[in-house]
Amino acid sequence: MTKIVSHQNDLSLLTRMLLPVLRWFIKLLVKARTLPQPIDELNIRRDTPVLYILEAYGLASLLVLERECEQLGLPSPLKGMRFGSAQTARSYGAVRRYGGVFLQRLKARRSSEILKELVKEFDVESEQDLQIIPVTVLIGRAPDKETNLTKVLFSENWELASRLRRLLSIVINGRATFVQFGEPISMAQVAAEGVQGERLLRRMMRTLRTHFRRVRTAAIGPDRSHRRTLVANIVDSDSVSQAIAAQAKREQVDPAEAKKEAEKYALEIAADYSYTVVRSLEILLSWFWNRIYRGVDVHHFNQFQRVAPSHEVIYVPCHRSHIDYLLLSFLLYQRGFVPPHIAAGINLNLPVVGPLLRRGGAFFLRRTFRSQPLYAAVFSEYVGTLLDKGVHIEYFIEGTRSRTGRLLPPRLGMLAMTVRAYLQDPQRPVMFQPVYVGYERLVESNAYTKELKGQAKKKESIWDLFSVFSILRRNYGQVHVSFGEPLFLDEKLAEHNPQWREEIQEKTKPNWVSGLVDDLGQQIMVNINRSVAVNPVNLLTTALMATRMRAMDEADLRDVLGLYQRLIPQLDYGDHVTTTDMPAEEQIQYGLDLKVLERREHPLGDVIRLMPRKVVRLTYFRNNTAHLFAVPSLLASCFLNTALVRWSRLREMTRAIYPFLQNELFLPWPAEELDAVVDHHVRVLVNQGLLRETEDGTALVRAAGGSQRAFQLRILARSLLQTLERYYITFAVLDKYGSGELSRGELEKLCTQTAERISMLLEYETPEFFDRTLFRQFIDSLQAGGLLSKDQENRLVFDERLGQFATDAKLILSKEVRHSILQMTSRAAQQDEELALIEASTPAVPAIKSATQLAAERTEGDSVAANAEQAASTASTDTAEEAPRDAANS
């Protein structure tokens, strides 16, 4: 006998009579965005009964759900279902229900009535099952193309809405509706865990409440306290109270005065998140992106979307432009996630701009925390408070925008603060989400070029806002945003200390945290690089920058572009790398349309070259993908000056050079796996016909000279050549001066000057070739690898191992380049000797120091200051490069 479980008592007789009119009303006013897309990702079983559960019952939400189910081919929530021996009159329920006509009040109940009845009917022994699908309906949340800011006032929030406000929200904001279907919960699977009856009902209701809270938090943000309340709680916290007492004692001031200073710091730091401002910015930015970009492509977001709701998310994107943080927040908001709180440099706290960014989620930090323990304590407490409240955070781990297109060494201050804040209260698991942002043209390209050529960085100003008018007149191609493989903090903690949970309960400061932070920083950079999205401009610049004249026959260029597109998927870089599928002919036309390329017509075949006045700027886009081609380019470069290389010699050279490339380009393979990596890449090059193995298997031979494959191998090799030349400059300078003769500052200065001079002689239009940061990074690698060390007088000492690199250079670098490098280093050494003789012959005159020594002293001083603040370098939107690890330790 069939048992009737539930009547259709949610809908009154009048409502049922008006249903056709109400459905027409919803169809007219509501346009919903449904997630996930496609819905098939949820794997809803069509042969199993479905019960939809809403977060809160509302007739509008129910009719929106009915309409979306009809469009998606899912069972209707207003139709009954058969479950075992029971027959229901409807297929929906709600976690919460409200009563009252005008003033809505929450009804006191513990569970959904229909779910309660169906649990009673469930028989563990039978094969029956029920799919419970949580559905979130938010009216006024999903982005739309309207520009009416009135809609913002009636968008979703955490407050209880009256019937009238709900009606107005539908009328005003109905076409900005967000519907998210959750993963189906199988009643049979939950019961299989040994829970039945009332316990089964409580388990499912708890799961549903948690799901709805996470989805709403991700969509519109946590239910935040008022900013003043937040500031008061921070100032009254134990850590800040101790810092206030210490400040009062140290400065000999009244504690109340020190507390006021702490409050001032907290107000200076704290964001003032406004959902109204965020919605308004979304409308403005939608128009702005459509005006300057051809489109924004997002990759691997679905993988992130599945994992994010159960974690506290720390977004760690690369930093290429001021556009980065606006774009990422916009995309997250468009896809149903609340924009994160963003660590921004205090330099951006400008009139008009600062308050707007603050209401959009930015919190500000100073360039340095040195000698400011109270400020450091307040900032650390604020970051900890954000984590405790479940607020997602974003910071740029590079600390500043990259001027060269390569990733910069990670600055670990914010990372250390995040880890230590989590260790103090490890409740909700933390995941770090690397994000790659790739452009085809940069808004700041002119400024970057000037800075690389030696001009000082221009300070941000309110007047910079007027530059937007010139930006609007240009087209900047497409933007690619790729979500990389996330890193889970609990897993990293377990790798470094399996007993970390027990140890932190002892309230001690673990000495292994610094190593964890270093490892985490490196892995984040690697995962950003492993999520690169390769666009046509990347491929075009990589190919053409490898030629002397930045030009190539059009047919040859097509072949090289095709080679790159075939190579990239085979380079074992992971499944998060995406490459344009645009055919080579279309890529060339695309470059011409963007005014990146120009065509020179000729009877024997057209020549394609980079626009001469843009060559310096375009090196940026070649550098975006330099890490992808690093290993195959290194292998190809071994054949530049010889046709045959033995396997043993090839492995020897790659083992010697790879650690430097790994450190500079954040390559993913550890040194112990290098031989296998080399073998794999050689097989790829052999399969492409660029190399072949000798019959006895002991050596490799390049393609026949003059052939198309030999030309392609040479182009591939030259993409890494300037990096190897920089390394050789460093070795040549050290060898010329000898062990124990140069300080680190002197070495950096001499290397930079030599490289700059060589770039003039050989017409290298790449300012990064003599970028001091890259030389500093390489010298760090030499010291870390034990090839360089310091004596008691802070002079650099080395042994005969460096001489081997000079020998290897003969295999890779041309005779012209080697001669130029040796000539420049000899000239620099000779000038220093002449100045030393002048100094020795004029004892009565104050000692004359060589230019190298003067520069070195300045560098040494800069280096000491930089080292003191290195640990605190943070990820700000730009110049907050030094937010100290000391602050995190405090």
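Reader: What makes the lining of the second largest cavity nonpolar, polar or charged by class?

Author: In this predicted model, where local features need pLDDT of at least 70, side-chain atom pairs count only at pLDDT 80 or more, and totals for chains, interfaces and linings use all residues, the lining of the second largest cavity has four nonpolar, four polar and five charged residues. Ala, Val, Leu, Ile, Met, Phe, Trp, Tyr, Cys and Pro count as nonpolar, Asp, Glu, Lys and Arg as charged, and the others, Gly among them, as polar.

Reader: Why is this space called a cavity, and what is its volume?

Author: On a 1 Å grid over the protein atoms alone, a cavity is a set of points where a 1.4 Å probe fits but cannot get out, and lining residues have an atom within 4 Å of a point. The second largest cavity holds about 100 Å³ of space, a volume being the space filled by probe spheres set on the points, which are joined across faces, edges and corners. Of its 13 lining residues, the closest to the centre are Arg406, Arg622, Ser719, Gln722 and Thr723.

Reader: Which element gives the most to that lining?

Author: α30 does, with four residues; helices are DSSP runs (H or I, at least four residues), numbered from the N terminus.

Reader: How do you know which residues line the largest cavity?

Author: By the 4 Å rule, the lining residues include Phe660, Tyr728, Asp808 and Leu813, and by class there are 10 nonpolar, no polar and one charged. The volume of the largest cavity is about 120 Å³. Residues are numbered from 1 along each chain as its sequence is written.

Methods:
Heavy atoms only, no water. 1 Å grid on protein atoms, 1.4 Å probe; cavity = no way out; pocket = protein on both sides within 12 Å on 5 of 7 lines; lining within 4 Å. Helix = DSSP H or I, 4+ residues; strand = E, 2+ residues; numbered from the N terminus.
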